[in-house]
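Subject: Structure handover

Hello,

Here is the structure for your files. My notes on it follow below.

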Protein chains: 2
Amino acid sequence: MKYILTFVALAILSVTTYAHNPNSEPPTKTMKTSSVQHVVLFKFKPETTPAKLKEIIAAFEALPSKIKEIKGLKWGTNNSPEDHAHGLTHAFILTFDSAKDRDAYLPHPAHKAFGTIVGPWIADLTVVDFADQAK
Amino acid sequence: MKYILTFVALAILSVTTYAHNPNSEPPTKTMKTSSVQHVVLFKFKPETTPAKLKEIIAAFEALPSKIKEIKGLKWGTNNSPEDHAHGLTHAFILTFDSAKDRDAYLPHPAHKAFGTIVGPWIADLTVVDFADQAK
């Protein structure tokens, strides 16, 4: 009897572990091929103070908590030694599950509110979105 | 006795599950904050044929198999409706574990060879690298 109970406990735990693991093969593969990367590169006006920059970055970092379609955020300052940045100093990459989710993000009130915060300080920006096609 | 065995099985499985779960908090946070994203955006010359484009993309997609420092590759064609792409149509994001690995990639013979394939067809390019600082 004790072996049966142990086996049952193991079986239940194995199933639970698989179900809760976001890296289980099938769902991960599906998400990868359909995910949309939203790449935003900023060049700020020279008068943008460090305090203002901090405020802008904090506002961007708060977006995933306000917009459920955002599934990932990476950001940082340019450190490329290749000299092809055209003065763009700050990069943000948002990940969406689909172009539909990206489309829901663009007119979202929280995104619009961020636009009014960052807008006056932008000297130049580049935005490229793409559905990941890597094999 | 059977309860003790069941408890021991549960305890062992819980510890094993935690240890094997790549989403366990400490290791994920550490890897995430140190990764470097290498963002490459291309605008191709009008005379770049679809066949040539296919060759260029295949050559880029082959890089991770030739350069061990490349830990991830995503790529796709621009589908942003925001009109801030400045004619850049193709995006590639390479992931490295560190700026040191990115520095090893740049002069790598396989990367240089790719440069000779793509170079003659580039009308414009933007490259921004950053160490991910997202919390």
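Is A123(A) buried, exposed or partly exposed, and why? A123(A) is partly exposed because 14 other C-beta atoms lie within 10 Å; buried takes 20 or more such atoms around a residue's own, exposed 12 or fewer, and partly exposed is in between, with C-beta atoms placed from the backbone.

This is a predicted model, in which local features need pLDDT of at least 70, side-chain atom pairs count only at pLDDT 80 or more, and totals for chains, interfaces and linings use all residues. Residues are numbered from 1 along each chain as its sequence is written, while chains are lettered from A and ligands numbered from 1 in the order in which they are written.

Confidence: ipTM and pTM are both 0.76. The average pLDDT (the predictor's per-residue confidence, 0 to 100) of chain A is 84, and 76% of its residues score at least 70. Over residues 7-32 of chain A, pLDDT stays under 50.

Chain A: strand β4 (residues 122-131) contains A123(A); strands are DSSP E runs of at least two residues, numbered from the N terminus. Beyond four places in sequence, A123(A) has contacts (C-beta atoms, placed from the backbone, within 7 Å) with K43(A), F44(A) and K45(A).

Chain B: strand β3 (residues 90-96) is largely enclosed by the rest of the structure, because six of its seven residues are buried. β3(B) runs antiparallel to strand β1 (residues 36-44), with seven bridges, and antiparallel to strand β2 (residues 72-77), with six bridges. I93(B) in β3(B) stands opposite V39(B) and is also the bridge partner of K74(B).

Regards

Key. Contact = placed C-beta atoms within 7 Å. Helix = DSSP H or I, 4+ residues; strand = E, 2+ residues; numbered from the N terminus. Pairing = 2+ DSSP bridges.
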